[in-house]
Number of protein chains: 2
Amino acid sequence: MKGESRNLVKRLPRVVILGAGFAGLTAARSLSGKAKVVLVDRHNYQTFLPLLYQVATAGLAADHVAHPIRGALRKLDIDFRMGSPISIDHKNKSVKLDSSETIEFDHLVIALGSATTDFGIPGVTDHALGMKNIHEALRIRGEVMRRFEDLCRIDDGSKLTITVVGGGPTGVEMAGALAELKRGPLKLDHPSSAQRIHIRLIEAGPDLLPSLHKKLSNKTRKDLETLGVEVALNTKVAKVHPDRIDISNGESIESEITIWAAGVTGEPVMKKLSLPILNGRIEVEPTLQVVNYPHIWAIGDIAGAKGKDGRFLPMVAPVAMQQARFIATQISKLASIGKLTEFSYKDKGSMATIGRHKAVVEVGRLRLTGAIAWFAWLWLHLFYLLGGRNKIGTMADWTWNYLTFDRGNRHIMDGAEL
Amino acid sequence: MKGESRNLVKRLPRVVILGAGFAGLTAARSLSGKAKVVLVDRHNYQTFLPLLYQVATAGLAADHVAHPIRGALRKLDIDFRMGSPISIDHKNKSVKLDSSETIEFDHLVIALGSATTDFGIPGVTDHALGMKNIHEALRIRGEVMRRFEDLCRIDDGSKLTITVVGGGPTGVEMAGALAELKRGPLKLDHPSSAQRIHIRLIEAGPDLLPSLHKKLSNKTRKDLETLGVEVALNTKVAKVHPDRIDISNGESIESEITIWAAGVTGEPVMKKLSLPILNGRIEVEPTLQVVNYPHIWAIGDIAGAKGKDGRFLPMVAPVAMQQARFIATQISKLASIGKLTEFSYKDKGSMATIGRHKAVVEVGRLRLTGAIAWFAWLWLHLFYLLGGRNKIGTMADWTWNYLTFDRGNRHIMDGAEL
């Protein structure tokens, strides 16, 4: 008996997963028991990216959108390593980490996620604020609150313009939350200064939330305008300066704070891994195996997987989690010499929140707006938030914000003041 | 009528308060309506220092021990300025801030608080971690969790020794919380690594919590030892190295992480203000006026005020708040040509928490230990925590920690990993 179970353990494939976001963590959990899994991430926590904009706009405590990875792995037979990949040794099937550790694998899963891209537009990297991790969110919060303090000090009628670039869900939610921060807490803090804040949302295309139905796009624009956000469609950024933005039509507009929510690309660390890259994402087969590397898989934002329409799948959590569960099955199949299948994404819909009682939801042909959509958004996000403590803490923060119209997390704690 | 009220407004003294800690904020609130107050702080939030060690040991979210100052001043006629003082113009009675603003005053209140001091011991500044602000607390959390990840990676029996220097309330609470972090969450995360963490508390004198009764000091030591903390009394630090500490008796002990809770002195920014300084604190009359400057007051940690026994008053919140209310009355008296009185501190007792159901409380001749003392500590701290959101959030975190024996805020987010 004992020898048998030892044999069984021996036969389990060794799987190394790079990245513990929605894709990597879901894959690790799905493979637990079926493989010997080592999960690798540069942080010791998972960041709940969909709520990062609320940290940036003082609605949530930074710690509430993070969850310790080891906490999520308890009672599962999964190893965790904090670190970043430096290189893959394809011959010996091993991956080297910046902690100078080398880990061997039978299967390698690349789930490193995405990073902000500037599309080569000058000035973005230097003068615009990204929003892909907790530090960037705290930096945005710090910049907004610092500039607000400047307004309070210098009562000479000077204005503060905050521009959010990008009309996708992140940009829309960010612009809406900034508008509510201005209209509520900052107005209570110093009315005349709050009035001098101008919030603008810029989108290069003709629609906000282009993946949703046109009706919802229009509703989103109207809701944002009701909140006092200036929405500029068909407006392409040519260059970002410290205090203004050049538009491609030759105009130049004021912008003391520019927030870049315009585009994401595969996490640049992937370039070290000598894997085929296409359009900023790792090239994969329909089976999610990396092209030419049948034992390496790519899932989530970093994978250049395509939908039935031949277009890249969106960089969203549902895609990542479906892919994660899919490759877990694929790897098990390979272990039992089963036949691989092709991944197909089941679109369960999209949603974005704009402000209090204002959101848009599209699930198949069902389209919701207003308070119902807003509560649906709240509950879904609370449901997917990792960890009971974060759920309770977030619920507490939200209830407080909802009842008081206030936002308690206005602290400038991005470290720039040190 | 209108002219009369304008005259009344004119007669209100202009008071500038430097620092929005317990002392400064209490003074501002007490003077509201009786003076034209400008409150100045380098942060836009007040830090609740008594709970900082819980941020450092993963028990509380960083945002929960901070409270936006403007939020605390709403509905009061008090101006707030974010900034640090650069100099005082004693002739023209004005103070210059690093925001290049100059503010005139009739009365100036110095409430800048305290900073860690190394007593001139070499290596402390470079190799020991202080704990006087949120960033330092997050740095401690980051260092502990990073070293823990190292232990998990290198399973070669190597140890991690964390030394807390200073047996006052801060050191005791820190050592106890570290022990509970090790025994609970870290043990659940990776049992064999948690076992290799050694926690030590060093005190130069013969007693922990020397301001309390000897019985409570002994109980504190026993409680800490029950939690697995090595307590070393009569142990003076001679030099701190990156991985060890030299003791004054010639011994050298291992210490990969050294936390400095051994001493505080008046915030060094005071040196710019050309005021008399004695033993690291601003020299004050029994009336709390700065010696030779009858229109400048010093309160809280930075004030070198003495008790009836001729010794400096302890640097604790109750002293700061009593002094704040006292000088508010003094300033009002001066406005109505009343006679100044001398400040005397009413000691309402001291307390320190050691761990779950373990605390010591001394109020006059009443001495409590164990669960009663612990719950008394919890409620008092919750009561003094600023802001309903922080109260709710802290209560949520504490309830979670209490019921699950876990600590959810183990995230390494001190910025050192960027």
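1. Start with one residue pair in chain A. Glu362(A) has Arg367(A), in β26(A), as its bridge partner. Strands here are DSSP runs of E, at least two residues long, and helices are runs of H or I, at least four long, numbered from the N terminus. Two strands pair if DSSP finds at least two bridges between them. β25(A) and β26(A) (residues 366–369) pair in the antiparallel sense over four bridges. Their hairpin has two residues between the strands, and Gly364(A) takes a positive phi near 60° there.

2. A word on the model and its labels. This is a predicted model, in which local features need pLDDT of at least 70 and side-chain atom pairs count only at pLDDT 80 or more, while totals for chains, interfaces and linings use all residues. Residues are numbered from 1 along each chain as its sequence is written, and chains are lettered from A and ligands numbered from 1 in the order in which they are written.

3. Now the other neighbour of β25(A). Strand β24(A) (residues 350–355) runs antiparallel to β25(A), with five bridges between them. Ala352(A) stands opposite Val360(A) in β25(A). This hairpin, too, has two residues between its strands, and His357(A) takes a positive phi near 60° in it.

4. Why is β25(A) largely enclosed by the rest of the structure? Five of its six residues (358–363) are buried, so the strand is largely enclosed. Buried means that 20 or more other C-beta atoms, placed from the backbone, lie within 10 Å of the residue's own.

5. Chain A also has an open, antiparallel sheet of three strands, ordered β6-β7-β8. β6 (85–89) and β8 (102–104) stand at the edges with a single partner strand each, so one side of each is left without a neighbour in the sheet. Four bridges join β6(A) to β7(A) (residues 94–97). Among the residues involved, Ile88(A) has Val95(A) in β7(A) as its bridge partner.

6. In chain B, look at Ala324(B), in helix α10 (residues 317–335). Ala324(B) has 27 C-beta neighbours inside 10 Å and counts as buried. Its C-alpha atom is 8.3 Å from that of Phe22(B), 302 residues away along the chain.

7. Last, the interface. 40 residues of chain B are in contact with 40 residues of chain A; contact means C-beta atoms, placed from the backbone, within 7 Å. Which element of chain B gives the most to the side that touches chain A? α12(B) does, with eight residues.

Technical notes. Contact = placed C-beta atoms within 7 Å. Buried ≥ 20, exposed ≤ 12 C-beta atoms within 10 Å, placed from the backbone.
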